[in-house]
Amino acid sequence: MLQLVLEPLQYPFMVRGLLASLIVGGVCAVVGSYVVLRGMAFFGDALAHAILPGLAIGYLVGGGAREPLFWWALLAAVVSALGIGTISKSTKIHEDTAIGIVFAGMFALGIALISTVRSYSIDLAHFLFGDVLGVSPGDLWVIGGVAAGIVVIVLLFYKEFLVLSFDPLLAVTLRLPARWLEYLLLVLIALAIVVSLQTVGVALMVAMLVTPAATAYLLIRRLPHMMALAAGLASFSGVVGLYLSYYLSVASGAAIVLTATALFGLAWGGREVSRRLKLEASNHDVTG
Amino acid sequence: MPDNPYAIEATDLTVAYQEKPVLWDVDLRVPPATLMAIVGPNGAGKTTLIKAILGLIRPAAGQVLIYNKPYAEQRRLVGYVPQRGSVDWDFPTNVLDVVMMGRYRSLGWLRRPGSRERALALEALEKVGMAPFADRQISQLSGGQQQRVFLARALVQDAQIYFMDEPFQGVDATTERAIVALLHALRQAGKTVVVVHHDLQTVPEYFDWVTLLNVRRIASGPVAEVFTEQNLRLAYGGRIAFLSRSPHADAEEPPTPDLPMPSPTRREEPYGYPESAA
């Protein structure tokens with residue numbers, strides 16, 4: 001058993017991949033708790049996809065270098081987030097339609113740009129499905145630094161984000177700068193997505209944001225505990241998924257997301273069963 | 001500056017939504033320590049009126065003075081109790097945390113609510129009879145209990161003027177009594193309370209001022225003067241067969257429920273949108 005756990009750790013790329021999955025899982029789950037509570041799953045999914053042209057431009061401009069990718073991706077995310085907000089506020093188009101328009105348009109732009117490169121399919125696959133085993137020591141520092149920054153900001157503005165998520169009208173009447181806090185939250189979501197891209201890729205990103213947070217939401221009744229549990233579940237999924245990927249030779253991003261999904265299924269099923277049992281017990285009390 | 005300025009003074013308030021006026025040229029003067037009801041048919045712009053006064057909707061025209069100064073300078077004097085359907089009661093938090101939210105502004109940035117906020121919140125919960133529920137998950141509250149939590153949250157803001165959007169909507173008798181007692185206590189303390197209200201029968205009993213609204217201001221003033229059959233007809237249209245007697249005359253008699261009461265279905269308005277004139 002111990003051998004099974006230790007064997008992959010002899011490869012430095014596995015160790016880096018595991019560390020990246022742990023960090024990314026935790027930070028996505030914390031930010032994702034807001035995504036779940038505010039019903040922003042579609043927005044999160046769209047933002048992840050809308051990053052693609054940023055990656056493509058960064059890739060083309062940098063000649064394949066890793067470092068500029070982060071900034072280009074972040075730029076694409078912020079532009080998309082603001083674009084969605086502007087379209088839905090200045091026209092009578094609903095926000096979800098605006099999200100659809102921006103998301104598909106940006107994603108198409110990304111595909112178009114990447115298709116101009118010769119090794120098209122391989123590079124596109126990396127962006128779409130992640131490449132957690134290709135995390136370099138430098139990447140790890142960036143991921144860790146950004147993740148720490150996100151967590152610190154969430155802690156500093158915890159009570160403001162709480163009001164904003166529970167009752168935006170109260171945030172306004174309390175004279176909190178609601179709009180700026182809203183933008184700050186969007187930027188945090190964008191940052192979390194950008195640093196997580198290498199683990200699960202664009203296509204499965206939304207699962208990192210919502211699945212562990214939703215699992216925790218089923219089980220927990222206070223926001224701080226929900227965030228902590230979600231982070232734990234996500235990190236656990238990251239590690240288990242990576243081991244599964246190692247031993248079963250399946251794509252790592254998919255393995256991580258499937259693990260998180262299985263945990264959600266367990267939590268949901270467990271809740272249903274305990275609810276039924278309670279119901280039966282109370283029926284029994286009445287009849288017996 | 002006059003010795004006794006109005007608590008609220010709105011002039012020429014007009015709100016249009018997509019070119020269609022939902023509030024037209026409304027003047028409002030409310031003296032301090034007054035309990036005022038805003039009544040009118042569905043789509044009359046009642047919620048819009050308080051949201052416009054609170055700056056949650058930008059009016060097309062008009063200005064609002066709070067104690068003789070522009071609203072922007074006086075915002076800390078104002079508290080708001082929104083319709084309770086405006087939030088998600090499945091949110092993972094408990095009663096005490098929701099009430100303490102009312103203290104967040106005075107607490108300031110980067111500070112966590114501590115024992116002082118906890119004490120203030122418990123005190124406010126005591127006043128609405130909800131202290132035993134402090135640690136209760138908010139998803140486990142009844143509608144009336146939710147309403148009282150919202151009231152407690154407004155109380156800890158320690159405002160001078162309160163705006164409440166249909167606090168009596170669909171609540172149990174205990175809550176109704178608690179709200180009435182609270183309104184009286186607030187008036188006693190010199191506070192002004194403006195309440196969007198649906199139940200015309202209870203207006204004379206619960207309030208001392210009333211504003212009748214139907215896009216335009218029909219009448220506004222002391223209940224005894226303006227809560228008349230003629231004004232009600234003007235506000236609600238000729239289609240109501242209103243009581244032939246004075247509406248606030250015989251308080252002992254059970255009120256005749258022959259008004260076309262607005263249906264008790266919730267109208268959950270998305271933030272920033274005026275009431276639809278459906």
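**View 1. Helix α5(A) gives the most to the lining of the second largest pocket, with five residues.** Helices here are DSSP runs of H or I with at least four residues, numbered from the N terminus. This is a predicted model, in which local features need pLDDT of at least 70 and side-chain atom pairs count only at pLDDT 80 or more, while totals for chains, interfaces and linings use all residues. Side-chain values use heavy atoms, without hydrogens and water; residues are numbered from 1 along each chain, and chains are lettered from A in the order in which they are written.

**View 2. The lining of the second largest pocket has 22 residues.** R66(A), L69(A), F70(A), D139(A) and Q198(A) lie nearest the centre. A pocket is an open set of points on a 1 Å grid over the protein atoms alone where a 1.4 Å probe fits, with protein on both sides within 12 Å along at least five of seven lines; lining residues have an atom within 4 Å of a point.

**View 3. Helix α7(B) spans residues 173-188.** Its 16 residues reach 23 Å from first C-alpha to last, close to the 22 Å expected at 1.5 Å a residue (1.5 Å times one less than the number of residues). After the helix comes G190(B), with a positive phi near 85°.

**View 4. Several residues of α7(B) are buried.** Among them are T175(B), I179(B) and L183(B), buried meaning under 20% relative accessible area with a 1.4 Å probe, protein chains only.

Key. Helix = DSSP H or I, 4+ residues; strand = E, 2+ residues; numbered from the N terminus. Buried < 20%, exposed > 50% of the residue type's maximum accessible area, 1.4 Å probe, protein only.
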